[in-house]
Amino acid sequence: MIDQNQFLAQMQEILEIEDRTLSPDEKFRELPEWSSLAYLSTIAMIDDEYNVIISAADFRELQTLGDIVRAISERQ
Amino acid sequence: MATQHIQNVTVRGIASAVPKRILEVRDSKSFPSVEEAEKFIAAVGVERVRRHLGTMCCSDMCQASAEKLMVELDWKPEDIDMLIFLSQSMDYILPATACVLHGKMGLRKDCACFDIGLGCSGWPYGLSVACGMMQSGGFRRVLLLMGDAKDNLSTPEKILEAEAKVIPLFGAAGTATALEYDSPAAPMMIDTCTDGTGYEAIIRREGAGRHPFKEDSLEYVVDEFGQTHRRIDTTMDGAAVFVFGISQVPRAVKGMLQRTGQSVDDVDYFLFHQANLMMNEQIRKKCKIPLEKCPYSLRDFGNNSSASIPLTMVTQIREQLTNGAPHKIIACGFGVGLSWGTVSLTLQNCLIPPLIEME
Amino acid sequence: MASQCISNVRICGIAAAVPQRVLDVKTSKAFAKEEEIEKFISSVGIERVHRCAGNMTCSDMCQAAADKLLAQLGWKSNEIDLLVFLSRSMDYFSPATSCVLHGKMGLKTDCACFDIAMGCSGWVYALSVAGSMVQCGAYRKALLLMGEEAANLAPTQRDEFEKYVTPLFGDAGTVTALEFDPSSPEMFIETYTDGTGYESIICRAGGYRIPLEPKHLDFVVDSFGQKHRLIDREIDGAAVFVFGITKAPQAVRAMLQRTGKSVEDIDYFLFHQANLMMNEQIRKKCKIPLGKCPYSLRNFGNISSASIPLTMVTQIREQLTNGAPHKIIACGFGVGLSWGTASFVLQNPVIPKLIEME
């Protein structure tokens, strides 16, 4: 099972966000910290931590951090 | 299943040549700030690449590698039965660059020469084709030349303009792998795979048959992934390539270990195409390969397409490979196509001259 | 010595596709005078060529031929272990067109795909490469796609090209299907190269030696008096003629000698369709009766690596599919300079009728 809070903390680490807490409703593509590099780090982290690889096409459909959490749990 | 078992071909030698000129990533004007350059270095793992500031073609570097190797192996031009040039940087659209090299190197008339058009998966694929053809004994000594050049530019001014705009991921290199029919030889096993549904993940959209060359094909544009290049140059969907690499490559390596009845501990070196550090490290970790078994040439040479694997052998583990002991190797090339290939082989007394640097 | 004896491999089928659009030599604007047209037809032997329209490419024709052949052979797309695309009319400089076709045709992932860059000697070379790979048993079913377009043209560039350039080259795509079959008779292949003649047939610009520039789209007159763009083929006709009439007969004789056969033992000699004068010279030097030497040149022109399979499909399809075994020697020769011969037996191959594409 994926722990949503743990996932959000992992995303905060990737995005180097220290001054605030991310919420599941966050539209990650709109964050100033989001970049192509952050994207690759996210895919790698999900692969490492949850043993799931989300295809580029599927990932394009995801809008919020909560969507990513759901996508991971659907594939576990 | 496209798995080949080769019983009678030995890799006699491997050589590589690069341009002498070095392009430092930290000096590159293609990054908006120093921080961006440092971020690139940390994630992609490339600090410098070799680029020529003139008209040096991939075939020139391949020829230098082949000639050096032939001297050291004491192979004469008349000994060569087949020459394969594997590249996406051909001298001419017509004729095959293998034929051009055949003439320049003074080879025999009853020598088979042809080009194979592939990129990052080239070394395993080239071995697959060459060894497949050699198995019946019709070809004794074979040269497998491969590599790629930078973007296709005509003058130093245009090359410098491109270097100021395009992120320096790709380097230029040419390599030669010398194969000999040898019975019995240490067994070699090769898997070759394709996923053409991903053909657009790494693509040069304009210039060839689907979108012929037009007046504006040479203009610099920003592609949908935010990268600057000309329409005839490579567009890369980094995310799609990343997902492809970290899914298919560990599967291919594990499949090869299983088919050869080996564990990671049994293999001395795992040689991967040098794509980018994040992807390669993710692949290495998923395969549970210790870092010391996984040499990198990425930092000093960048991504060299089909030349990456032989270039890594020449620049990173040359002394180890030539110490007389047998070395078990699994090599995996992956990328444009999407295409990937894995080879398991043993190298012993393989001749590897030092890296050739060309003015 | 690049000489192979391939066992266990059967040529199961051959198909070809051409564009429906026909360019008639008699109405071509590329000739200065009417007499020149007649001279061209009688010496070069070409009356019409098929040419692509719209956005059709070589790979589209190859794919149509392959789809048709797979259906008639009853082969499923997931049975194909090897796909080779041999052409200089690739869809993209990168990736390989074989990979693009792999995706479009829905092949399985453990299928080897690669492009070979060759011209007129291509059919023999592809047989040499793929035949060796199939004979070991790792690849059981292989497709060799071969074809060419006269030039790399955007739809807007076509009219101008056809107005200036002599219609020697046609467009076509073909497929040859190979299968691992231990009961199949042996196939003999010999391949040769003379790279000192690499400039005899050459596209000077567009590769890495002379990178593309806008000026390469301009029509210029080359040193042999032919008008074309620097990215199109330049041909030293005299050099190619001497090469063809020397090397092709030598190679055919060497193959006859090696296989212990005489001209009478062979049912068909299939030559690359270069031009009538050269091909007739070769035929006479080999003492081959005209009846054993079919020509597709008249109606299709020179189509590089597709010439040999296209000749089988359009000229001797009924004979080849009559159930009897047919002994064949094929000889491809040209750009490189590169040439090769193959000696094999065709029995019950599946050969669909020529496909004409809109």
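Let's start where chains B and C meet: the contact takes 73 residues from chain B and 75 residues from chain C. Keep in mind that this is a predicted model. On the side of chain B that touches chain C, several elements each supply at least two residues: strands β1 (3–6), β6 (112–117), β9 (188–194) and β10 (202–204), together with helices α3 (97–105) and α4 (122–134).

β6(B) and β6 of chain C (residues 112–117) run antiparallel and are joined by three bridges. Within that pairing, B:Asp115 has C:Ala117 as its bridge partner.

Now turn to the contact between chains B and A, which takes 13 residues from chain B and 11 residues from chain A. Here the side of chain B draws at least two residues from each of α1 (34–44), α6 (238–259) and α7 (277–286). Of these, α6(B) gives the most, with seven residues.

| Side of chain B | Nonpolar | Polar | Charged |
|---|---|---|---|
| touching chain A | seven residues | four residues | two residues |

Finally, a look at helix α6 in chain C. This helix covers residues 237–258, 22 residues in total, and spans 31 Å from first to last C-alpha, close to the 32 Å expected at 1.5 Å a residue. Its buried residues are C:Val240, C:Phe243, C:Gly244, C:Lys247, C:Ala248, C:Ala251, C:Val252 and C:Met255. Just after α6(C) comes C:Gly260, with a positive phi of about 65 degrees.

Definitions and conventions: Residues numbered from 1 in each chain as written. Chains lettered and ligands numbered in written order. Predicted model: local features only at pLDDT ≥ 70, side-chain atom pairs only at ≥ 80, totals over all residues. Helix = DSSP H or I, 4+ residues; strand = E, 2+ residues; numbered from the N terminus. Expected span 1.5 Å × (residues − 1). Buried ≥ 20, exposed ≤ 12 C-beta atoms within 10 Å, placed from the backbone. Contact = placed C-beta atoms within 7 Å. Nonpolar A, V, L, I, M, F, W, Y, C, P; charged D, E, K, R; others polar. Pairing = 2+ DSSP bridges.
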